[in-house]
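Colleague: I am new to this one. Please show it to me, and then let us go through it.

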Amino acid sequence: MVQLILFNVLNGLIIGAFYALMALGLSLILNLSGVINFAHGGFLAIGAYLAYTLIPYVGFWGALLAAPFLTAFIGILVERVLIRRLYGRDPLYSLLLTFGLAFMIEDGTRFIWGADSLPYQIPGWLQNTLSSQLFFLTGYRVFMVVLVAVAVLGLFLILTRTRLGLRIRAGTLDLETLSVLGVNVRILRNLNFGLGIYMAGLAGVLAAGMLGLQPTIGDSLIMPSFVAIIVGGLGSLPGTLVGGLLIGVASGVTTVFLPSASEAVMYVLMAVVLLIRPRGLLGEEGRF
Amino acid sequence: MPSGNPNSRLGIGRRTVIKAAAAAGVFQVAAPFVQTARAADNVKIGLDNPLTGTFAALGKNELIGAKLAVEQINAKGGILGRKVELLVEDSTSGDAATAVQKANKLIERDKVNFLLGNINSALAQAMANVSYEKGVFHIVPGGHTDSVTGSECHWNVFRVCNTTRMETNSVSQLLLTSYGKKWYFITTDYAFGHSLQEGFEASLKAANGTEVGHDFTPLGTSDFSANLIKAQAAKPDALILLLAGDDMINCLKQAVQFGMDKKTHIAGAQQELEVLDGLPAEALVGDWVFEWYWKQSNVPHVAQFVADVRKRSGGKVPTARTWFGYASVWSCQLAAERAKSLVPVKMAKAMQGMVLPPEVALMPNNPFYRKGDNQLMPTLFVGHAQKPPTGGDPEDLFKVTEEVKGMDAALPVDQTGCKMTWPT
């Protein structure tokens, strides 16, 4: 039993890392622009389908590089054409817009690629398990965790070591002052949205190797991402990371004892955190 | 007026995000509204089936079959000389309230003569209760839970697909004799999965086998890794996957990535071509039951049906779902013509024991609607998933090893729990 729990903790961290990747993109957009992006799961699906389409031409590795950038480009266009118009209005507007956008993306992918699941092939050598004891550690899952770690590290380096990151962080704290100081806030928000969508696209490319590739691929991943943000604390990217990992572990361990509650447990976790520490684990008091 | 904490610069508070998260849940059950133009004197068939969500692909194929049947019926003069019209509603994949609301709309507002649906067993049962209350002739094309033609059967409700018990009975013996008697179940947590598991448990008990564990997983689960870790720890002879749609794809893909197909035997009851089509080659494993298969070289009319469907589905072959939709619509026509009436009770009586003609049956052994529980007794195709044969059709993903007659797999009527009360 102890071994089973330990296995599920380890497995939960792997899944949690994936939730965190998606939640970080969502959190970036929320923090700077105040947009609750319901269409994040849709962008994940776009990333996955673009990779599927690109693989015959550029191979798995080429698709892994290109698809998230293409998804980010689509995200930048969407921000430029649709979302930008709603800044400064009640958050309900952008919430409704992205809600509708999520439907459009889901039906759009169904229209272009069909309703049937598509077989998404990953390189053969990534499919093998690394040890017969830890059989759930496949090459692909380890690769996924490493890539998530690199992406998260890259994101934190961008945010802490680059001018763009400095501006994003400053904008998160006080966008108006940043604007007064001469920073083009429009471009900043646009690039930040693209960065968030890049994370969704990357999550999509990775998810398709593990899950079935279907238009609803993002649906089941959007809720854990929201919960990760709330548990970790609004406004805190490290909090989002911790929230994602916690949800993964909680879900894995619950499966050992009560599998049918493996999904519900994240809401229980959220309720407990909200009761004990309403601002979330690493959220700043008064920040949101 | 921005909501939330006044300290929040963005006007978004924790409460807003929590509300948004709740709305995200609603998003997963909301569905678009589909309707076609119609004329008053047409015979109307209302199809209330998933077009979105986890069962969207299955729903789309049932729709293709239903449309083909409507075309053919209209080309032959319609039903009782009237043109047939198909009204389509998206029931969603898992929201019973939406499915019932759409069924009510089809019955009350559109005045359909026939109601068809649903793929989701729980939704099919909910719709059956509505159609019974309203006295509307109803065919369930593809919702398998036993109760639809069992403990909650109704005189007006007929079913084309098999009961879950028929599916488990048809494959149990093969699994018990070939792979051993220690089974672990991963089961989708709703009516369909529950009744499949009950069926297998009955077979296992009769053979003095052991259930070494089971996991009920919520519909729409994407990650099965924790369940698979648990299953592997139980060291079963066979890992029985009682899932459907995208859940089955996700679980099979992950099980094979974990190498579980090499440690234990993967099997289950119902398998669908839509699922196998969505799997990479290495995940085409396991023993299953197909309810209809497109490769039946010796059965009349099948080749023509396959060709007709290919023309309407971008070259893809029909699946069991396509045939369910097709046979359901044709059953409406056969019932009305046989009863010479569109009065539901007359049609329901005309359907008792009715044998499907070969051009509709498209399978051996003369499938018929059994008197007493309104369940079609078709042929079940037992076999295993396979990689497409070299030089063969890329959609030939299943090898049929045994054809089981429906009557040999079904429980006798008096054991189904069906007690039908006819209107006086």
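Modeller: Helices (H or I, at least four residues) and strands (E, at least two) are DSSP runs, numbered from the N terminus. The model is predicted: local features need pLDDT of at least 70, side-chain atom pairs count only at pLDDT 80 or more, and totals for chains, interfaces and linings use all residues. Residues are numbered from 1 along each chain as its sequence is written, and chains are lettered from A and ligands numbered from 1 in the order in which they are written.

Colleague: What is the radius of gyration of chain B?

Modeller: The radius is taken over C-alpha atoms, and the globule rule is 2.2 Å times the number of residues to the power 0.38. For 424 residues that rule gives 22 Å, and the chain B value is close to it, so chain B is as compact as a globular protein of that length. The radius of gyration of chain B is 22 Å.

Colleague: Which residues touch the most other members of the largest nonpolar core?

Modeller: A nonpolar core is a set of buried Ala, Val, Leu, Ile, Met, Phe, Trp, Tyr and Cys residues joined through C-beta atoms within 7 Å. Buried means 20 or more other C-beta atoms within 10 Å of the residue's own, with C-beta atoms placed from the backbone. The largest core has 127 residues, and helix 12 (residues 320–339) of chain B gives the largest share, eleven residues. The two that touch the most other members are B:Ile240 and B:Leu241.

Colleague: What is the bridge partner of B:His138 in strand 5 of chain B?

Modeller: Strand 4 (residues 137–140) of chain B runs parallel to strand 5 of chain B, joined by three bridges. The partner of B:His138 there is B:Val157.

Colleague: Through which helix does the chain cross from strand 6 to strand 7 of chain B?

Modeller: Strand 6 (residues 182–188) and strand 7 (residues 210–217) of chain B pair in the parallel sense over seven bridges. B:Lys182 stands opposite B:Thr210. The chain crosses between these strands through helix 6 (residues 191–206) of chain B.

Note on methods
A residue is buried if 20 or more other C-beta atoms lie within 10 Å of its own, exposed if 12 or fewer, and partly exposed in between; C-beta atoms are placed from the backbone. Two strands pair if DSSP finds at least two bridges between them. A crossover is right-handed if, with the strands pointing away from the viewer, the path from the first strand over the helix to the second runs clockwise.
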